[in-house]
Each structure stands twice: as C-alpha cells, then as structure tokens.
Amino acid sequence: MAKPQRPPSGRTNLASCVVATIFLVFLLIILFIVYFMLFKPQDPKIAVSAVQLPSFSVSNGTVSFAFSQYASVRNPNRGTFSHYDSSLQLFYYGKQVGFMFVPAGKIDAGRTEYMAATFTVQSLPLGPGPTTVDGPNRLGPVMEIESRIEMAGRVRVLHLFSHHVEAKAGCRVAIAVSTGSVLGFQC
C-alpha cells in the first residue's frame with residue numbers, strides 16, 4: 001500500500017523565500033558595485049592650451065588689450081555632460097576686469113570640446129609697480145593677470161541618475177608691458 005502524501009510544510013516555503021531574498025539582495029549589491037565602479041560621475045577636465053593678446057596698447061599709465069583664451073573641456077563620463085552657468089573671468093590685482101558667459105551646451109560621453117573666448121579690456125590702470133624681468137633679454141616691466149574659467153552642469157548616467165558636476169581652471173598670465181607679448185602662463 002502506498003503512503004498518503006502530505007502537503008508541503010510551511011518550513012520549506014519559508015526556506016525558499018529566504019533563499020530568494022538573499023539572492024536578490026546579493027544581486028542588488030553587485031549592481032550597486034558595478035554602477036559605482038563603472039558609471040561613477042567625474043568632474044570634467046579643463047585644459048588651457050593657449051593665451052593670446054591680439055591687440056595691446058599702453059598710454060598714460062593705462063593699458064587696453066584684447067584677451068583670447070583657448071581651452072579644451074574633456075568629459076570623462078559615460079553620460080552626456082550638459083553645462084550651463086559657465087563663465088570666463090579676468091582679474092588684475094584681485095579686481096575683476098573682464099567677464100564672459102560661456103554658452104550652454106552639451107559634451108557627449110568621452111568627448112572633448114574645444115572653446116575659444118575673446119573679449120576686450122578697455123582702459124585698465126597699471127597696478128602698483130609692475131615687476132621687471134632681468135635677464136639676457138631685459139624685458140622691462142611685466143604685468144600679471146589671472147583668468148578663471150568655471151563650468152557647472154550635470155551628468156545623466158543610464159538615463160536614470162542625474163549628478164551635478166563642476167570644473168574650474170585658473171591661469172596666471174605674464175605680459176610684457178613694453179611689447180604686449182605673452183611671456184608665459186601657468187594653470
């Protein structure tokens with residue numbers, strides 16, 4: 001004679017649910033680790049490649065010039081970088097003497113965008129005693145200005161998560177007052 005089969009007990013159902021829950025939690029942990037390892041948002045990288053003064057004039061202790069800066073912005077993320085609220089500022093002895101908004105735009109994932117900005121600074125008084133560069137060429141008085149470029153925006157990862165990112169670059173530019181030539185810049 002065959003034994004009658006008993007219905008499954010509640011213990012086996014509970015054990016199955018516990019195993020399934022542990023598997024799902026483990027899967028979620030792996031997904032978060034992969035997300036933060038591969039798709040972690042990073043700030044864009046700004047590199048200034050050149051600074052030029054296309055026009056330069058000195059008269060009566062004041063200087064006027066056109067300032068041009070060439071920079072590249074690299075988006076290292078796996079999502080598109082949408083930038084807004086970005087600007088280029090020019091300072092002389094801590095005082096802002098030039099300002100320009102960078103138009104809003106997008107930089108695709110892993111791409112680099114090249115930017116050029118030119119604006120004019122009118123009638124800027126020379127600071128207290130510009131330094132003199134002595135050497136084989138005796139360049140004479142030198143003025144130093146500082147440029148700052150700031151870019152803010154967001155990166156959208158996997159079309160789900162949006163992260164705020166910022167990039168900044170500051171450069172000090174040395175200019176020969178007698179010739180208006182850029183002696184060098186350091187960022």
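Phe67 counts as buried because its relative accessibility is 0%, where buried denotes under 20% relative accessible area, exposed over 50% and partly exposed in between (1.4 Å probe, protein chains only). The model is predicted, so that local features need pLDDT of at least 70 and side-chain atom pairs count only at pLDDT 80 or more, while totals for chains, interfaces and linings use all residues. Residues are numbered from 1 along each chain as its sequence is written, and side-chain values use heavy atoms, with hydrogens and water left out.

Across the whole structure, four aromatic pairs are found, a pair being rings of Phe, Tyr and Trp (its six-membered ring) with centres within 6.5 Å, called stacked when the planes are under 30 degrees apart, edge-to-face when over 60 and tilted for the rest. Among them is the tilted pair of Phe67 and Phe119, with 5.8 Å from centre to centre and 45 degrees between the planes. This pair links distant parts of the chain, since Phe67 belongs to strand β3 and Phe119 to strand β7, 52 residues apart; strands (E, at least two residues) are DSSP runs, numbered from the N terminus. Phe119, at 11% relative accessibility, also counts as buried. The rings of Phe99 and Phe101 form an edge-to-face pair, because their centres are 4.8 Å apart and their planes stand at 90 degrees. Of these two residues, Phe99 is partly exposed at 38% relative accessibility, whereas Phe101 is exposed, with a relative accessible area of 59%.

Note on methods:
Helix = DSSP H or I, 4+ residues; strand = E, 2+ residues; numbered from the N terminus.
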